[in-house]
Structures are given as structure tokens and as C-alpha cells.
Amino acid sequence: MIELHFAPTPNSMKIVIMLEEIGLPYQILHYDIFRGDQLAPDYALIHPNRKLPAIVDTKPALDEEPLPIFESGAILQYLAEKSGKLLAQAGAERWRTLSWLTWQVASIGPMGGQASHFTRYAPDGNEYAIERYCKELKRLLLVLDHRLQDAPFVAGTSYSIADIAIWPARFWASLMGTEPYDLPAVARWLESIGSRPAVQRALGHPDCKVPQSYVGLRQRLSKEQWSNMFGEKMHNGAARRILP
Ligand SMILES: N[C@@H](CCC(=O)N[C@@H](CS)C(=O)NCC(=O)O)C(=O)O
């Protein structure tokens, strides 16, 4: 059984899609990140950086102990290796998959996250930051489009964990006026992945509904929500060392 520590955001949705694709049994444990559920002391033992998603494999292959894994890229690789699906075992396709997976977690993910922060949560008057991150997001989507003009999937001929990692970009790209459907190859790829039965099951999963506070531009957070997500409570959470 895989326990999935989940918030209804693109990073957690990658893992729901993957679990639906490979057919491993899983249980979703829901976190309200605005309420600060991720700051509960014990969660640091699963995810030292206190973000979502994380998983706990209650029956790992080699260890007797339940195995926690954090960072969506590492979780996708772990589940691919455990199931023997969606990551080639060797050769060029494997390395293209890992290159594009790393591009997602190191480039379009963080840039999209900053674009999302400044367009949705930051106080007004951050025009420079909004322009910088939205422009960079658009540039990265163009890089993706060029790749997808040459191949049906990012790693080449086969659907892989790299496609699963990048596909949820559609959530925030369209929110920020960087409409990915304007890019023809990206649009074709978004639709082909979006119509997969596993992706449809993930999107329709009753535990994956997205509340209004997670979407929409210019959100107004309460002081408590702000502190949990970006302020003092979030920083204090990292300041404490939690012993196993
Ligand atoms: N690099 C991480 C990013 C995780 C991340 O930033 N998760 C967000 C939700 S999408 C989160 O937990 N935010 C809550 C917070 O920052 O306190 C991954 O790929 O797993």
C-alpha cells in the first residue's frame, strides 16, 4: 500500500496520475496547506522540507520498515522502478526521460511556482516579478513546444514519468494568461495525455477536488493562512529539528 500525502495542487496530482497508471493500491491523506497541516511536527519525519506531495511505501521491496519518499521527481522514479513501468530500464530513452523530469522539477516547476505566487498571492505592486516569472514560464512552454514538435512524448516515442511530471503545468499556465493551447504541439500533447483513462480517473477522484482558495488570481488570504504558507508559522516550522 502507498500512502500519498496530498494537497490538491499540480505537484500532488502528478502522483495520483502515476498511481492510477501503474495500478498500485494507494490511500490519499489530505492536507490543507492553507490551514498549515504540513507544519504538524511529525510530518517533518516524512518530508523534511514540509511540502506536498510525499509518499510512504508501507511494504518496500528491500526494507522491512515503511519507507517515506519526498520530492515529486524522486517519487515518480521510485514508483516507476517499483512497478517496472513508464521509465525505460536503460538506453537513450531512459536518460531523455530523466533529463525532462529534472527539467520539470528544476525549471518549469519553480518558475511556474513563482509566477503563481506573484500573480495570485503576493501583495499588489510586484509588476517586475510578475513580468519576469510569467515571461520565463512562457519561454519554458516554448521550449516544451519545440521538443514536442519533434516527438510525440517528451522522452521520444513512449509516454513516461516525464510526461506525467510536466502535464499538470496546464493548471497554472492557463491561470496566468500563458495559454498553453496557443502552442500547437503542446496542445496536441496535453489533449492526448488528458484523454488517457488513468488521467481521467485521477482528475475525477473524489479526494482530488480543487477548492477555490487554490485557484484564481489575486487571492486574499487571511493572516493565519498567509502565515502558514509564506510567513512566520511556515518559517518557524523549519526552525525546529524533529527527532525520529
Ligand atoms: N519540488 C517539490 C515542490 C513541492 C511544493 O512546493 N509543494 C507545494 C504545493 S504544490 C506545497 O507543499 N506548498 C505548501 C507550502 O509551501 O507550505 C516537489 O516537486 O515535490
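Guide: Happy to. Let's start at Leu52, which, leaving aside residues up to four places away in sequence, touches His5, Phe6, Ala7, Asn11, Ser12, Tyr31, Ile33, Gln38 and Tyr43. Please keep in mind that this is a predicted model. Leu52 sits in the loop between β2 and β3, the latter being residues 54-57. With a relative accessibility of 11%, Leu52 counts as buried, because the cut-off for that class is under 20%. Leu52 and Thr9 are 43 residues apart along the sequence, yet their C-alpha atoms are 8.5 Å apart in space.

The peptide bond from Leu52 to Pro53 is cis, with omega near 10°. Pro53 belongs to the loop between β2 and β3 as well. As background, most peptide bonds are trans.

Now to the sheet itself. It is an open sheet of 4 strands in the order β2-β1-β3-β4, and its pairing is mixed. β2 and β4 (67-70) are the edge strands, each pairing on one side only. From one strand to the next, the twist averages 20°.

Take the pairings of β1 in turn. Strand β1 (residues 2-6) pairs with strand β2 (residues 26-30) in the parallel sense, over 5 bridges. To get from β1 to β2 the chain passes through helix α1 (residues 10-22), and this β-α-β crossover is right-handed. If you want a landmark for that pairing, find Phe6, which stands opposite His30 in β2. With β3, strand β1 runs antiparallel, and 4 bridges join the two. The landmark here is His5, which stands opposite Ala54 in β3.

Helix α1 lies across β1, β2 and β3 and runs at about 155° to β1. Helix α2 lies across β1, β3 and β4, running at about 130° to β4.

Between β4 and α2 there is a loop, and Glu71 is found in it. Glu71 has a positive phi of about 80° although it is not a glycine. At 40% relative accessibility, Glu71 counts as partly exposed. A second residue of this kind is Leu86, in the loop between α2 and α3. The phi of Leu86 is near 70°, again a positive value in a residue other than glycine. For context, most residues other than glycine have a negative phi.

The axes of helix α2 (residues 72-83) and α3 come within 9 Å and cross at roughly 150°. That angle makes α2 roughly antiparallel to α3, because anything over 145 degrees falls in that class. On the α2 side the contact is made by Ser72, Gly73, Leu76, Gln77 and Glu81, and on the α3 side by Arg94, Leu98, Leu101 and Val105.

Further along helix α3 (residues 92-121) you will find His117. His117 is buried, with a relative accessible area of 17%. Not counting residues up to four places away in sequence, His117 touches Ala122, Trp226 and Phe230.

The last stop is helix α4. Its 24 residues (residues 127-150) should span 34 Å at 1.5 Å a residue, and the C-alpha atoms at its ends are 35 Å apart, which agrees. The buried residues of α4 are Ala129, Ile130, Tyr133, Cys134, Glu136, Leu137, Leu140, Leu141, Leu144, Asp145, Arg147 and Leu148.

Definitions and conventions:
Residues are numbered from 1 along each chain as its sequence is written. This is a predicted model: local features need pLDDT of at least 70, side-chain atom pairs count only at pLDDT 80 or more; totals for chains, interfaces and linings use all residues. Side-chain values use heavy atoms; hydrogens and water are left out. The expected span of a helix is 1.5 Å times one less than its number of residues. Buried means under 20% relative accessible area, exposed over 50%, partly exposed in between (1.4 Å probe, protein chains only). Two strands pair if DSSP finds at least two bridges between them. A crossover is right-handed if, with the strands pointing away from the viewer, the path from the first strand over the helix to the second runs clockwise. Contact means heavy atoms within 4.5 Å. Axes are lines fitted to C-alpha atoms, for helices over the stretch in contact, and angles run from 0 to 180 degrees between N-to-C directions. Angles under 35 degrees count as roughly parallel, over 145 as roughly antiparallel, 65 to 115 as roughly perpendicular and the rest as oblique.
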